[in-house]
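I opened my notebook to look through a protein model step by step. Here is what I looked up, in the order I went.

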Amino acid sequence: MPGLSRVLCDKLIENGRTAEERDDFDPFPAVKLFTPDANATWLITEAYPEDSDLRLFGLMDLGLGSPELGYAMLSEIEDLRGTLGLPVERDLYFKTEHRLSTYAKLARRAGMIVT
């Protein structure tokens with residue numbers, strides 16, 4: 001996993017349970033993932049176990065100028081490599097300042113995730 005501890009995974013899974021119960025759930029992102037040698041970024045708020053994998057939900061930007069809310073499998077993110085072959089990393093210094101909906105609005109205006 002790109003720096004996702006068991007505690008962090010548990011928090012994301014708990015957020016997923018809350019999201020299923022509440023239509024108005026708008027959490028703060030729990031983790032930021034990025035490619036150090038490309039422009040891909042993910043702000044993840046929730047996780048849903050699927051067999052031995054996790055389906056992640058959050059704001060995703062593959063560096064193409066069109067960030068969007070959506071799902072991605074953790075295993076697929078782990079398999080990604082940037083232009084120099086570097087794997088996806090967790091931003092250990094990320095401090096969330098906004099709820100996911102605010103990050104999404106800012107990203108749509110900027111054409112990229114802004115943290």
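This is a predicted model: local features need pLDDT of at least 70, side-chain atom pairs count only at pLDDT 80 or more; totals for chains, interfaces and linings use all residues.

These entries go from the sheet to the helices, the cores, and then a few single residues.

**Entry 1**

Then I traced the strands and found an open sheet of 5 strands in the order E4-E3-E2-E1-E5, with antiparallel pairing. Which strands stand at the edges? They are E4 (68-73) and E5 (89-90); each has a single partner strand, so one side of each is left without a neighbour in the sheet.

I looked at one pair in detail. Strand E3 (residues 53-61) runs antiparallel to E4, and 6 bridges join them. In this pair, Leu 59 stands opposite Leu 69 of E4.

**Entry 1: helices across the sheet**

I checked which strands the helices cross. Helix H1 (residues 6-21) lies across E1 (31-34), E2, E3 and E5, and runs at about 80° to E2. Helix H3 (residues 100-110) lies across E2, E3 and E4, at about 50° to E3.

**Entry 2: the nonpolar cores**

Next I asked which residues touch the most other members of the largest nonpolar core. Of its 19 residues, the answer is Leu 33, Trp 42 and Ile 44. The elements giving two or more residues to this core are H1, E1, E2, E3 and helix H2 (74-79). H1 supplies the largest share, 4 residues. Apart from this core lies another, of 10 residues, including Leu 43, Leu 59, Phe 94 and Ala 107.

I went back to Trp 42 and listed its contacts, leaving out residues up to four places away in sequence. Among them are Val 31, Leu 33, Phe 34, Leu 59, Ile 77, Leu 80, Val 88 and Ile 113.

**Entry 3: Thr 41**

Is Thr 41 buried or exposed? Its relative accessible area is 13%, and under 20% counts as buried, so Thr 41 is buried. I found it in strand E2 (residues 41-50). Beyond the residues up to four places away in sequence, Thr 41 touches Lys 32, Leu 33, Phe 34, Leu 59, Met 60, Asp 61 and Ile 113.

Most residues other than glycine have a negative phi. Asp 51 is in the loop between E2 and E3. It is exposed, with a relative accessible area of 85%.

**Entry 4: salt bridges**

Side chains of opposite charge can pair when their charged atoms come close. I counted 5 salt bridges and looked at some of them.

- Glu 14 pairs with Arg 17, with the closest N and O atoms 3.2 Å apart. Both residues lie in helix H1, 3 residues apart, about one turn of the helix. Glu 14 is partly exposed at 40% relative accessible area, and Arg 17 is partly exposed at 44%.
- Lys 32 meets Asp 91 at 3.6 Å, N to O. This pair links distant parts of the chain, 59 residues apart: Lys 32 is in strand E1 and Asp 91 is in the loop between E5 and H3. Lys 32 is buried, with a relative accessible area of 13%.
- Glu 50 meets Arg 55 at 2.5 Å, N to O. Glu 50 is partly exposed at 32%, and Arg 55 is partly exposed at 25%.

Methods
Residues are numbered from 1 along each chain as its sequence is written. Side-chain values use heavy atoms; hydrogens and water are left out. Buried means under 20% relative accessible area, exposed over 50%, partly exposed in between (1.4 Å probe, protein chains only). Contact means heavy atoms within 4.5 Å. Two strands pair if DSSP finds at least two bridges between them. Axes are lines fitted to C-alpha atoms, for helices over the stretch in contact, and angles run from 0 to 180 degrees between N-to-C directions. A nonpolar core is a set of buried Ala, Val, Leu, Ile, Met, Phe, Trp, Tyr and Cys residues joined through side-chain atoms within 4.5 Å. A salt bridge is a side-chain nitrogen of Lys or Arg within 4 Å of a carboxyl oxygen of Asp or Glu.
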